[in-house]
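Have a look at the backbone first, then at one of the helices.

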Amino acid sequence: MMNKDSWMLASGHLPAGIISWELNPSNGIQRAVLSDWKNHTETIQLFGDSLIRRTFTGLKVADDQNTMDYFFIGLYVFLFFLIFLRLAYHRHIKSIGLFAGMILLAGLTDVLEDWGTHRAILAAPDGINSLCIFLPALIKWVTIALLLIYLVSQAFHLQKWNGWIKELSDNLIAVLILMWRFRIVLITLILYFLVLFLSDQGQDLLITINSTRKACICFLFTVTILALLCWHLPKAIDNAKQITFCQFWFGKVDFKSGGAAAGRPSAKIDIGRLLGALAFLIPAAGILQTMQKYHMDYFLSEIPPISIPFIFLAIYTIILRYHLIDRIYKKGAGVNRPFYWISMGVIFALIIYWGLDDAERNTKPYYLVYLSLDLLLLSLAFLITTTLRTCDIVLGNWKITPWITVSGVFLGVIFLSFNIRSIQRELTLIDRFWTMPVVFCGIAGYLLFFAFLMYLGKRRGVQYVSLLLVIMTCFAVFKITDYHNILVEHDPRYTRFPDSLETYATRWLENRRPELETLSKNGSKKPYPVFFVNAFGGGIRATAWTAMVMGSLDSLVIQGNDSDPSAKNFEHYVFSYSGASGGSIGLSLVVASSKMHLDCPGKDRALYPNRILKVFQYDYLTADIVALLGRDAWASAFGLSAWKDRGRLQEEDWERHCGNLGIPLGVKLGELQKNTRYELPLFFPNTHDARVGKKGVIAPVLVDSLDFPGAVFVASGLKKGDDIRLSTAAFLSARFPYVSPTAKLYGEHNFTDGGTWDNSGAETSAQVYRVFARALERLSARDTVYRQINIQFLSLPNSVPILRSHAPVHLFEPLVPPIGLVSLINTVAEAREGDNKSFAFRKNYGYTQIRPEMIAVGTSRKVWPVLPLGWQISDFALEQMQKSIANNKEAVRISQLCRSVNAITHNKH
């Protein structure tokens, strides 16, 4: 906390940081530093009932750190006293009074130095006499140096250094051995951590978890079983040669004896308990991380959530090391059972009370903090119970093993059942909270499975886990299957006769000539807008935002003429869509919905912002994640192809849910442009062929390689009679690495996410425009009405703009290349987008970006959602998008431009 924003104090006059400030005797240098701090400003965002931008200076940072230093003074004075009292207790020091005085002198002079610093900051830039800071600081550092010199000399005199180094070395070796011994649990906890801490999708899922009591109960239950497995299974593996198969599943199991000294348990016993507790602490901290991301205040919110597990582990380690639980609960040779049960009663009473609180209250986002407290209390109850288990006859006779193993098997069965398509569909039809509990069920099932293999291996001297991994790797590498082939529908009688892109552009323009002529005859100087839309990738947030913006533009353009079949919506003025990843999915929804309402565009309301919740109220994530961890993992590992992969499952989910809302994503790609009267914009999803490293373009018309240099044309490469569905085309663009499989086509292509090449879709949009421009130039040469056309580039980013900190970032050298490669994806997208923007400005064309804003949502208006990069989205995030587009000035401007043209041309048509 003291180092927060310390980079703002950097100055050429402070070569050693704040120490240079303290030991500076020059008034001139002090004034120069204060002037630098005053002029060094940074703007931050403050979240509350509304978003506030506030500017602070280096002076404020210095004053805040100076204030925090008072707590640090108390800390080091306390530690010095502890060390010298310990030396005095063992009679290694006689002049305790002298050293106590020196410690107090160091603390008092440090306080005087901080007081002087505060006065100088208040008087900035003039400051105060620098000696008021320099002299106390000099005395402080001299005193502390003398104390440290004495302690170092005592350490050498008592020959402590060798012992300390040996103890450190022994502890390091012991930790490495224990990490290897507990590797199966550590891998589990690392996966656990990645899901809850490093994924905004995981944090958005936690908001959904809080929506119902049923979700909270499932969450707490799966976490508890996972924690018990993390504690119990290492004991069974450690004791493998002494226990039978039946004992592994149903018998009482403890760590092998040995390693204990002077009556203290061996370290592995304490480590096992701590790992079990950590399984509670990680999700507890993950919930607090979510609350911080959503800018929801809670008590001690200034403490970084990631430090919570380490703080509690340190506390629990001290409790176990000094047998504090035994001292509190033991009564003679047994346990004070009434006190134990009263403690458990209080803990679970609090958990139940918070869970049974007012239903309207406990489903609010800020109530997540109580779910976090539930997990902290469960970790404490777990630590107390597992510590006392061997100290009491009643507790020791509990047959806990069957409950743990059977519960683990139960979670594994739940995970396997979700791999059955009919069961998964039924359970996720209404509720959206299943993803995280089911992932935990999968983690628990795999933990139990691999622990059992390790138990067998240790019992029989065979490394079954290693053999299994080698076999799986060999199958995956050497056996070629058609498992991840995309769905290609074949009909020998089916043929596609698409126009070339330039021919289509010519006919599209000719179709709008009557409108252009009407504008010209009415003497209107209004330009006729033609839009080229590109949508950025970004998972479901991109899908939702793209569909919402287009639906909003439709509603604004056609407002008041909904029932008029001849009224024109926004799509009438759009020539092409180009999307990447989630943006392609959003555009596919727009295209499919428009296809169904060509006769009366005003009836196309499925994607209107106030109705779009119906599209995203379904669970699009669970099937994908379950298949990733389950059926796909084993099919890929053993070269099987007996069932549909997760890519096709995801397409089916979208086809089914959107089909129920009148959005036919199952339509063939070749059918899109048939009988549309040039009212349906061309849709160009972008993908990436990983095999050849080229951009893939899925075009609904014939395209020329000269217009799209270096691109792979997916639709044009289909065999005679073959075609793909709109959903397949869209999801060829949305193949996020590892989460979604790469898509195979004819054994010649491996398509991955379109964002790999250009996450904006802007490059393809510009290439389509250039073909359109040729057709327009040719028509304009012989007919002046076409000169009224005004090109408009519309870009749809989906990330919320945030203030960028100018703080210097230290990059660990080995990580620089991978970080650079990841950064390149966004950089390329920004470059392509920048090309379109600069081109539009040079040619006097229109260029518009419409992106979501940071807006408070919820009844309390204190929830600032995170837009998740995944395939499920909370209602709060959707509400933020709805509010972002409701009064968007650019959307209103574009709709007014189209409406003004409509008002003139509609009288004629």
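1. Ser581 sits in the loop between strand S7 (574–580) and helix H25 (582–595); helices (H or I, at least four residues) and strands (E, at least two) are DSSP runs, numbered from the N terminus. Ser581 isn't a glycine, yet has a positive phi of about 55 degrees. At 5% relative accessibility, Ser581 is buried (under 20% relative accessible area; exposed is over 50%, partly exposed in between; 1.4 Å probe, protein chains only).

2. Before going on, the ground rules: this is a predicted model, where local features need pLDDT of at least 70, side-chain atom pairs count only at pLDDT 80 or more, and totals for chains, interfaces and linings use all residues. Residues are numbered from 1 along each chain as its sequence is written, and side-chain values use heavy atoms, with hydrogens and water left out.

3. His323 also has a positive phi of about 55 degrees without being a glycine. The loop here runs between helix H12 (308–321) and helix H13 (324–329). His323 is partly exposed, at a relative accessible area of 25%.

4. There is a cis peptide bond from Ala124 to Pro125, with omega near 5 degrees. Pro125 belongs to the loop between helix H4 (96–122) and helix H5 (131–157). Most peptide bonds are trans.

5. Buried residues of H33 include Phe876, Leu878, Met881 and Ile885. Among the elements covering them are helix H8 (200–209) and helix H34 (889–905), where contact means heavy atoms within 4.5 Å.
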